[in-house]
Every structure is written in structure tokens, then in C-alpha cells.
Amino acid sequence: MVKYKVADESLAEKGKEALYIAERKMPVVAKVIRERFEKEKPLKGVTIAGCLHITKETGILARTLMAGGAEVALCGSNPLSTQDDVAAALAEEGVNVFAWHGNTNEEFYWCIRQCLDLKPNILIDDGADLIVTAHQEYPNLLELGTFWGCQEETTTGVKRFKAMEKHGALKVPLFPVNDARCKNQFDNELGTGQGIISAIYGMHILMAGKNCVIAGFGHCSSGMALRASGLGANVTVTEVDPIKALKAKYTGYNVMPIDEAVKNADVIFTATGCKNVIDERHFKDFKDGLILGNLGHFDVEINVAKLREFAKSVKPIRQDVEEFTLPNGNRVYLLAQGRLANLVISEGHPSEVMDMSFALQALVSEYIVKNKQDLKPGMITSPEDIVDQIGYLKLQSMGIKIDKLTEEQYNYIHGYAEGT
Ligand SMILES: NC(=O)c1ccc[n+]([C@@H]2O[C@H](COP(=O)([O-])OP(=O)(O)OC[C@H]3O[C@@H](n4cnc5c(N)ncnc54)[C@H](O)[C@@H]3O)[C@@H](O)[C@H]2O)c1
């Protein structure tokens, strides 16, 4: 029997409309892989639990895993990113979904435990909270034999697992799918890059002519800088990695320390995976009208707690935007309480880009089932043939053909004999 807890079951029809739109934009997951899964049932008898943003795209992944024979359980990977209509539709379709927008910290972990209570064989995480909770509270579940493997969808989660592995605490085979070429070069760069546009919709301002500070120049943040500059903003990048900083400079952006950059900023966006990038010492330098947003995974990049203490008053001024009046009278606008603003204010990444991320998760799930006997605890790189396959399928869905190496070319680039 399907178990679930959602905000409002009557939203299911609206959720199905959203899923209908996403189906057509995700041909690799929703058509090619699903049709094969329907025939071959590679996930028959397998229970897969995912702690993912509950969006229409995640719904498409759930449908494909179920088409492959899996029982699917889902909980949200962020308290504010769940789309309640999609959650209701998925519950009606037979997904064990425990998610609603605005859940408390206690409720967030309750939802995670509901998924783990279903004794999943595979875990798919986005930020590491599901798998870390499994390690802490469900050690018996993780015994190899009944439990086969995990995947991690985002950079922050991968960093947590690398730290666990270093400390000998990682007890499961873990595929950091975030790091695959078909994922972070598209999902992080294009999806989060475009996310700055969805996030700024919270204040609906003209970006042209604004001084926009982007903290970080990694996958997400370099995409965000590109889109902000495309909208006509004067972009300043802050970094802690000298090579990334140089790359930003030579791409044409201003580069300076955050303490200087803050003074002139009209808009600041963070996506570093680091904490307190915007901290107490910066508040006195905030310009009147500054917009503050974060697209990194956790709500730690802007020190929101200290900003609340520092402000004379705080009031909501529109959906997911709060106005902070500072002691000097300047007013500052915080998007989405400092949580990932592209998912809270808008619907997260466009379906086209999630087609590749979720194709990878579907195919790595199949790989885990097929190879479960051979998988050992530790980080395992996503198989390159799967990554290439996703590239080919996506190109094919767009009617694009590419070249193939001739035998002569293959031998040349894999050999050493031919030189000057
Ligand atoms: N909002 C979304 O939809 C979404 C999607 C994908 C990833 N993410 C999250 O975004 C964050 C960034 O992911 P990524 O893939 O770009 O990681 P990344 O490692 O490619 O980039 C992070 C960059 O930030 C820099 N950095 C770290 N600390 C800094 C600091 N204090 N000041 C300035 N720069 C600093 C690093 O040097 C690095 O270049 C992560 O938390 C990730 O989980 C969010």
C-alpha cells in the first residue's frame, strides 16, 4: 500500500498538468529510457528512496523508475522547494511521497525517516541529508546484501561524502553523479546560471546597469555571472581559488575581495557551498536597496540569523521576499530566507537540463542493480559509457549528429609513435 503525506491532495490535477509539460521536454528520461525500462523491468523488486527537490522534473524521474519496476519513495531535499501540486499528483500515481512546502526542521527529518522505514535498496540524495541520516540512525539498513548503493546529486553533498570517506565513515558504495560531465556542465552551469533570472523575479528589477556581485566562480556561479552580464549587469566576482579568480578576470569580470565588493553592490548572489560568505562585518556597508540572494545548496552562505538581529525591523513585502530596515535607515531585500532562491521563487532548473541529470540517475540505478555484487563502500565514478550514452541520446532527441573517430584517428590519439 502506498504511504504518503502531502500538503493538499486536491492539488493533484494541477500537479499532473505540470508533469504533462515536463514529460515533453525530457525525451531521454520520459521516452527513450522509460520505453526500454517498461520492456525490460531492470528495477523489478527494487525500492528506491530519493531525497530530492519535489518538482515536476523529479516526478518524471519517479515515473521512469516505476516503469522499470521500482517502488519509489520521495522526500524533499529542502524545506521550501517542494511544489505541493506535484507532490499530490505523485502520491495519487503511487509514489510514497512525504513532502510539503514549508516544513520545519523536525518535519524535514520525519519525512526522511518515513522513506528509510520502507527499507530501500538504493538511495538518491541531493545534499547528503538522507544518506547521512541512514548512517546515523539506520546502520542495519546499510548492510551490504540488502542495501546496494547510493547516488549524490549536488556539489555540497559530494563534499560531505568526500569528508566522510576521508574519516573512514562512509559505509556504502556512492556514485557522486553531480561530478559527471553530463551533469555539472549542464545542470549546474546552465540550470543554476539561468536560475539567477528566476530568482531575481522575486524583486522583478531591471538588471541592466546594476552592480551585481557573484560570490564564487565555480560551475553554478560562473553560469550565474554569464547570465547576469547577459542581462546588462556590471558583474564583480569574488573567489578564494586563485585560478578560478584569474579565469573570472580574463572572462571580463571585475575581481576583488568580498569586503570591497559589498560596498558598491546593488545585487549580491552567492553559490559557493561555503558558509557566512556574507557576514556581520558587511552589514554596515550595504547600500540602500541591496538585493541579497543565495543559489548554493544550504541557507548558510548569507548569515541571515545575524542580519535579523542587526536589522531595526523586518517585514515580508512580497512572496518569498523580506525587507530589512537597517539601523542607518537603509533597506535591504532578502530572497527566499537565504535558501536556494531559484527553487523557492521559481520552479528550479528547466526540464530540458534535468533530462540529463535524471537520465544519469535512472541509468546509474540500473547499473547499481546489475553490479551490486561487485560494488564496495566508497566513492565510485559514474561509468563513462553511461555518461557518453546520455550525451548521444540527448543529441539524438534534438536531431543532431556528430563525427566518429576513424580507426586511423583513434590509433593516432591513443598512440605515441607518431610525432614531428
Ligand atoms: N540552486 C541550485 O539549483 C543548485 C544546483 C546545483 C548546485 N547547487 C549548489 O551550489 C553550490 C555551488 O556548486 P558548484 O557546483 O558551483 O560548486 P563548485 O565547487 O564548482 O564552485 C564553488 C566555487 O565557490 C568558491 N568558493 C568557496 N568558498 C568561497 C568563498 N568563501 N568566497 C568566494 N568563493 C568561494 C570555490 O573556490 C569554487 O570555485 C553548492 O552548494 C551546490 O550544491 C545549487
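Helices, as the word is used here, are DSSP runs of H or I with at least four residues, numbered from the N terminus. In this predicted model, helix 7 (155-166), helix 8 (181-200), helix 9 (219-230) and helix 13 (341-345) each contribute at least two residues to the shell around the ligand. Helix 8 gives the largest share, four residues. There are 32 residues around the ligand, and the ones that come nearest are G216, G218, C220, C274 and H297. Sorted by class, the shell holds 19 polar, ten nonpolar and three charged residues. Both domains take part, as domain 1 (9-183 + 348-397) and domain 2 (202-345) each supply at least three residues of the shell.

The protein chain is divided into domain 1, made of residues 9-183 together with 348-397, and domain 2, residues 202-345. Taken over C-alpha atoms, the centres of domain 1 and domain 2 are separated by 30 Å. Ten residues from domain 1 and nine residues from domain 2 make up the contact. On the side of domain 1 that touches domain 2, eight residues are polar, one is nonpolar and one is charged.

Five of its six residues are buried, so strand 1 is largely enclosed by the rest of the structure. Strand 1 pairs with strand 2 (residues 71-76) in the parallel sense, over six bridges, and C51 has C75 of strand 2 as its bridge partner. Together with helix 3 (residues 56-67), strand 1 and strand 2 form a right-handed β-α-β unit. Strand 1 also runs parallel to strand 4 (residues 122-125), to which four bridges join it; here G50 stands opposite I124.

Strand 9 runs parallel to strand 8 (residues 234-238), the two being joined by two bridges.

G232 is found in the loop between helix 9 and strand 8. Because 13 other C-beta atoms lie within 10 Å, G232 is partly exposed. Setting aside neighbours within four places in sequence, G232 is in contact with M207, A208 and G209. By comparison, E408 is 176 residues away from G232 along the chain, and 47 Å separate their C-alpha atoms.

Most residues other than glycine have a negative phi. Against that background, H204 has a positive value, with phi near 50 degrees. H204 is found in the loop between helix 8 and strand 7 (211-215). This residue counts as exposed because 8 other C-beta atoms lie within 10 Å, and the cut-off for exposed is 12 or fewer. D320 likewise is a residue other than glycine with a positive phi, near 65 degrees. The loop that holds D320 lies between strand 12 and strand 13 (321-325). With 18 C-beta neighbours inside 10 Å, D320 is partly exposed.

How values were computed:
Residues numbered from 1 in each chain as written. Predicted model: local features only at pLDDT ≥ 70, side-chain atom pairs only at ≥ 80, totals over all residues. Near = placed C-beta within 6 Å. Nonpolar A, V, L, I, M, F, W, Y, C, P; charged D, E, K, R; others polar. Domains from an automatic or database assignment. Buried ≥ 20, exposed ≤ 12 C-beta atoms within 10 Å, placed from the backbone. Pairing = 2+ DSSP bridges. Right-handed = clockwise from strand over helix to strand, strands pointing away. Contact = placed C-beta atoms within 7 Å.
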